[in-house]
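I opened my notebook to get to know this one, a few places at a time. Come along and look with me.

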Amino acid sequence: MRIHSALILFSIVLLPHLAFAQELSYTHYDTKNGLAGSTVYCSTLDKDGFLWFGTENGLSRFDGTHFKNFTTRDGLPDNEILELFTDSRGRVWMAPFRNEICYYYKGVIHTAENDTTLAKVKLLSNIRHFAEDAHGNILISDYSRSRLYLVAADNEVKNISTINSRFFNKIGVISKSPQGNFWVLENDTLYEFANGFFRSIAEIDSAGILDKQIFLANNFLAKKHHSDELELKNLISGKKIIIPYPHTLFKYTIVNDSLVALCKNSGIDVINTKTLAYLTYLEGRPVTDLLIDKEGSLWFTTLGQGICRLNSQVVKNFGLPEISNSKPSISAIFKIGSKIIAGASLSALYEVNVDDGLESIVQKGFAAGVAVVSEILDVKELSNGDWIFFESSQILKSAGNFAPDKGVRIPTKSVSWVDKTKFVVATPSCTLIFDPYSFRILDTIWNQRTTAVYYRNDTFFIGALDGLHLLVRGKPAKHWGASVLSFKNRITAIKESADGTLWIATYGDGLLAYKNNRIITHLTTDDGLTSNICRNIFIDGNKLWVGTDKGLNKISFKAEKASVTQYTTSDGIASDIINAVFVENSMVFVGTREGLTFFDEQKINSNSRCDLRLTGISVSGNSFSTDSSNFNLPHNKNNIQFNFVGISYRSAGDITYRYRLIGLDSVWQTTRETYLSYPTLPSGDYVLELQATNKFGVNSDIMSLPFSVEKLLWEKTWFKSLLILAIAAFVWLLLNLRIRHVRRNESEKQKIAKKITELEQLALKSQMNPHFIFNSLNSIQQYVMDKDIAGANKFISGFSRLMRQTLFFSAKSHINLADEITYLTTYLELEKDRLENAFTYQVITGQHIYPHDYLIPPMILQPYVENSVRHGVRYRKDHAGVILISVTKQDSYLVCVIEDNGIGRKMSRQLKGNTTIEYQSKGMSLTSDRIKLINESSAQKIEVMIEDLEDETAVPRGTRVTVRFPVIEN
């Protein structure tokens, strides 16, 4: 596999002075993200930290997570909002395209229709500018340029048409003066307006200047100076700045005391009037406005392209120019000596310099004539000063410089030191031991595709597509994935921290930590990782950096609990697919397919803040004022929902909330939702405590919201006192009545028990019909006379068994269903033999009914079965009688049905009338009495229903008896 020296004459093109420009990263928001419209004219930051945007389709409020839009349906006079202004009270003033005035305050849009103060403002044209003085008065100008409108702090309105006893001629721009009053530019004169009087301040030459070419705000006056110049003048110090005039200017925006923005149809120029720094953003896009949020992020509004947030001015991105018509991507970052080197695809190498704030990335060279061009994955420095380059298709060697002079065709996936003298190398086909000094392969220790490798203490940890394998010298390999499910996934990287913990990155199952022969930590997206597909690991002291396909993760440990901070494109990183990461001190270097990104970790978090805001309260589906504190809810309206949001725009919605409702639960709980719902709160006093934490770990202040749910009548103190007195009187009366009742019940129970005993004794004697006994004895005699000894023995055996069962069951209050069925079967067999098979019978139990599991009173069914035989089937002349006994379960009852196809009760009564009966059976009446007594002492009753069965012509075809027993499980 060695590459012949003639084929690897590398022509290294050294470009020590070729540096690449920094690229900025933006997060874009448009209608697909919830913005009301793509054409955005203006913006403002309100007192609570919300961002407001005026669009062609309505007004949008943004909290970093959600857009809330307002249109004419919500009370706007017009959907197109051209100008926005926030005053010190928190009111958001709006200039709609329609010739009206309105503002938003505490959830309500105030217009001339619902606000008597605004109804007094008599606009002549569309609103042009808003301004506020130090006393909370609002001054408004319109495009008529002949009238001003003052809305005083006490809501008094003045429509001002004159200045010093004459009509306005040409009102220019208005602003707040440094003294806290108003500045008004009329014609070429600048006036200070206070307490109803105009005082001339200065003369300004504005001849030939269009309205959009002059602007006044704070201490600055901006105006077109000559045809190609723009003059920025500090009206206090008199200092002037002259810059080229942008002929595609939309408008000026004075951002703060030092920043002036020039909005153009091809980008925006931001000028620092103190440092004279001049920066251009969003070139090629028509920018209409700029604002800075409380975290210092810049927001730009555009025509037709929504809004853009500059992700970070701390994060620096450097794209790489094409090499041979192909764009390289950073694949590895490492340090050799004092140099930080980035390796890339196309065998390219770059030196990174971040010293003294002069950040740059310089291409040091690339192999212009190599036989194989591939990704540089790692570089190791040997003890003799040589460098070993590990690439995806080869291993190269140089004498401590960027000019390799030796190579061997060994594709590389991963590499690890072995005893500081050799390397174990993971390749697409095997794992091998490589000697960098002799530059040859010493041994192949694994003959399968390898994705990652690490060596320590005579043990090789080999990552493969099917998980982690362990190879100890002199022993067969062991597949950990076969016994440990977490090690069954594809392994992408293995690193060791200072405490001996092995950190193992997987392709789909997150990050694993292995120590002391067990997994001690398993981190996934549930723990805060941006993705479970982990691509690389870098260990920085007690911190861990993990690159995934969806961003970079910093993992810190506090009290053995992992805390994950995410860095993605929303923070300024050029791409979320992280190929490499390297950290030195607080500088973090990230390699992606878009180039190199680096930032100072301490600075990226320094301006972060998190403000918690309550956005709404809903009570039983109706909105409730968010200004309410310590409010009281009626008990029948105790369904409450709190809506809130943590404002941290740099967190891009990655905010966690912890909360507790004191009075219901004192334990803190966490959520990522922006609402809490309590549908059925009991009566009582509550305090909702809520806190937001952004992605950088910055906490908001704890919000406390006390409220109460009104007590019911019986929960009030006076009612409870009255109730206690009433209960005491009632208890005294009840005890006396109870004693009498108990005594009376005991007497009745004794009488009932005595009667039950008498009836049971009588039932025992009468249970077996003497006529049946007499006939049975005759049958036995007939068997003897016929010398049918076997038949006689069988009949006597069955008869005696029936007698024993009768005596045995008579002493029990309940027997199981199986014993009752056996008893009935024994009786039916005797009758069947006695009547010479005049009928057949069948006993059926329902599905899932196990007779031994249920109890019923004994011998309740036998009299009904006896009736089916004596008065039903025995009178059939065709010997085709059938008796069917079925048992099913319906709800809480066992239903026993005894059905025969005998002659029916009507015909049976006729036969009784024509026949002399020597013995009248009392089994039915005794059974009825037993059931009545049992029902008197039971909550659930035994039910009996007897039906006469007839065919279509009303001819009797039998009888059905249904007995329903309450379920009693054995």
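This is a predicted model: local features need pLDDT of at least 70, side-chain atom pairs count only at pLDDT 80 or more; totals for chains, interfaces and linings use all residues.

**A loop residue**

I began with Ile-903, which counts as buried because its relative accessibility is 16% (buried means under 20% relative accessible area, exposed over 50%, partly exposed in between, with a 1.4 Å probe and protein chains only). Residues are numbered from 1 along each chain as its sequence is written, and side-chain values use heavy atoms, with hydrogens and water left out.

I found Ile-903 in the loop between β73 (893-900) and α8 (904-914); helices (H or I, at least four residues) and strands (E, at least two) are DSSP runs numbered from the N terminus. Leaving aside neighbours within four places in sequence, I saw Ile-903 in contact (heavy atoms within 4.5 Å) with His-871, Gly-872, Tyr-875, Ser-908, Leu-911 and Pro-956. I also looked up Ala-332: its C-alpha atom is separated by 101 Å from that of Ile-903, and the two are 571 residues apart along the chain.

**Two positive phi values**

Most residues other than glycine have a negative phi. Phe-439 has a positive one, near 55 degrees. I located Phe-439 in the loop between β43 (431-435) and β44 (440-446), and at 1% relative accessibility it counts as buried.

Glu-836 is not a glycine either, yet its phi is positive at about 55 degrees. Is Glu-836 buried or exposed? Glu-836 is exposed, with a relative accessible area of 62%. I placed Glu-836 in the loop between α6 and β70 (839-845).

**A helix pair**

Next I looked at α6 (residues 817-834) and α7 (residues 862-870), whose axes come within 11 Å and cross at roughly 25 degrees (axes are lines fitted to C-alpha atoms, for helices over the stretch in contact, and angles run from 0 to 180 degrees between N-to-C directions). That makes α6 roughly parallel to α7 (angles under 35 degrees count as roughly parallel, over 145 as roughly antiparallel, 65 to 115 as roughly perpendicular and the rest as oblique). Among the residues making the contact, I noted Tyr-823 and Leu-824 of α6 and Val-865 of α7.

**The largest core**

Which residues touch the most other members of the largest nonpolar core? Of its 50 residues, they are Trp-299, Ile-640, Phe-642 and Tyr-678 (a nonpolar core is a set of buried Ala, Val, Leu, Ile, Met, Phe, Trp, Tyr and Cys residues joined through side-chain atoms within 4.5 Å). Strand β63 (residues 640-647) gives the most to this core, with 5 residues.
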